[in-house]
Amino acid sequence: MAENNTTRRSFLKAGLTGAAATIATGAYAEGDPAITEIQPWMQELGEGVDARPYGTPSPFEKHVKRRNVEWLTADPVSSVNFTPLHELDGIITPNGLCFERHHAGIAEVDPAVHRLMINGLVEKELVFTMQDLMRFPRENRVYFLECAANTGMEWRGAQLNGCQFTHGMIHNVMYTGVPLRYILEAAGVKPNGKWILPEGADASGMTRSIPIEKALDDCMVAFKMNGEALRPEQGYPVRLVVPGWEGNMWVKWLRRIEVGDQPWHHREETSKYTDLFKDGRARRFTWEMDAKSVITNPSPQAPITHGKGHTVITGVAWSGRGTIPRVDVTIDGGKNWQKARISGPSFDKSMHRFYFEFDWDGRELLLQSRAHDSTGYVQPTKNELRKVRGENSIYHNNSIQTWYVNEKGVAENVEIS
Ligand SMILES: Nc1nc2c(c(=O)[nH]1)N[C@H]1C(S)=C(S)[C@@H](COP(=O)(O)O)O[C@H]1N2
Ligand SMILES: [Mo]
């Protein structure tokens, strides 16, 4: 076995060296019209600067969009769509492509009449306008938001064919906002104030109990995403940011924060967002998102179309407990693992981008990635996770994903035991 590993490793290494030559040469095809013909866009003037006051992507990028799975939810206003992870690179999710999860549709809130109230166990109950919020010191931080139900349809077997659908309930955004601590300090939390209850201004009036330690640690009241105002889909004009914790707690259209001495045990933290064990007991208050990763290319929606030879594997990794110092990749279903290359900023509780380049011999592949986070935690296999948590869950499936790639480069969602 050890010998087999070594042979395989040195083979892959040789592949990498060979690949460098492939990158350097783009083959010239005699008479290629893309070279010899003058294209239409070179023959006429383009549009002027007044044509696109707010820019949108090229019409050739129309396929890059959020998608939903029709059978998954009964009605689009209480539904979810998915980030097209296989179309993205780097670590930032563009605003128009951030997945959406609404319990009562998109609230279209007028910021002029929107207020944020702080009440309950505070010295002084306060009501802020948007302008009041802007007068606190602001911070800029990049965080992922992952719905606890991301990958939830995969517990019992491989189901959805594409990383957009299996892993697309996540986005990674730079938020501008006010540390929640400043706002709570302005109101003065009483000594028995141990929990907060943020509430949304949409028709669902969503609420979640959050321990005061988290509220005073790194939570933010955010009004900008990636530099511009939050999109209505993401909670315009203001949302709560709860770094590293499940998406459900990131209350959108934030209108009120109540301070209390115990959790409220509302719907979203009792019947929902709890995991049922085999023996009927439930695992609840599962706030932190465990380390996870997925290969986004190749994947079922992004097959290998260039044939064998130099091939780039890429994907994303994240952890609710810190950074991702290491990601491993295997192309043979876990027999041999190699370190991937992480490129781009490594922020706390933010997405990381990894790459793995290799020389594909055209044979079938079983692709997997495995994240290690800064606490030393390693992403589990599906069976390891099932052993601990059973199969009743929807939430917190952070197990290793497998893509099978056939000789033609077509990829499929599979499970290996
Ligand atoms: N007010 C309000 N906040 C909400 C929700 C909601 O329906 N209403 N959905 C929650 C859930 S379940 C998730 S996963 C995230 C989704 O955030 P996004 O729409 O920006 O992706 O918002 C959370 N905050
Ligand atoms: Mo969610």
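Which residue's side chain does a polar contact of 2.6 Å join to that of Lys292? The partner is Thr151; a polar contact here is a pair of N or O atoms within 3.5 Å, where within protein one must be able to donate a hydrogen and the other to accept it, and residues adjacent in sequence count only if both atoms are side-chain atoms.

A word on the ground rules: this is a predicted model, in which local features need pLDDT of at least 70 and side-chain atom pairs count only at pLDDT 80 or more, while totals for chains, interfaces and linings use all residues. Residues are numbered from 1 along each chain as its sequence is written, chains are lettered from A and ligands numbered from 1 in the order in which they are written, and side-chain values use heavy atoms, with hydrogens and water left out.

Lys292 sits in strand β15 (helices, H or I, of at least four residues and strands, E, of at least two are DSSP runs, numbered from the N terminus). With a relative accessible area of 2%, Lys292 is buried, a label for anything under 20%, with exposed meaning over 50% and partly exposed in between (1.4 Å probe, protein chains only). Leaving aside residues up to four places away in sequence, Lys292 touches Glu146, His167, Trp318 and Asn397, among others; contact means heavy atoms within 4.5 Å.

Strand β15 belongs to an open sheet of four strands, ordered β15-β16-β20-β19, with antiparallel pairing. β15 (292-297) and β19 (341-342) stand at the edges with a single partner strand each, so one side of each has no neighbour in the sheet. Strands count as paired if DSSP finds at least two bridges between them. Inside the sheet, β16 (residues 309-318) and β20 (residues 352-360) pair in the antiparallel sense over nine bridges, and Gly309 stands opposite Trp360 in β20.

What about the nonpolar cores, that is, sets of buried Ala, Val, Leu, Ile, Met, Phe, Trp, Tyr and Cys residues joined through side-chain atoms within 4.5 Å? The largest has 55 residues, and Ile118, Leu133, Leu180, Ile183, Ile196 and Val221 touch the most other members. Strand β9 (residues 220-225) gives the most to this core, with five residues. Apart from it lies another core of 29 residues, including Met289 and Ile313.

Tyr273, in the loop between β12 (254-260) and β13 (275-276), is also buried, at 5% relative accessible area. Tyr273 and Tyr395 are 122 residues apart in sequence, yet 6.7 Å apart in space, C-alpha to C-alpha.
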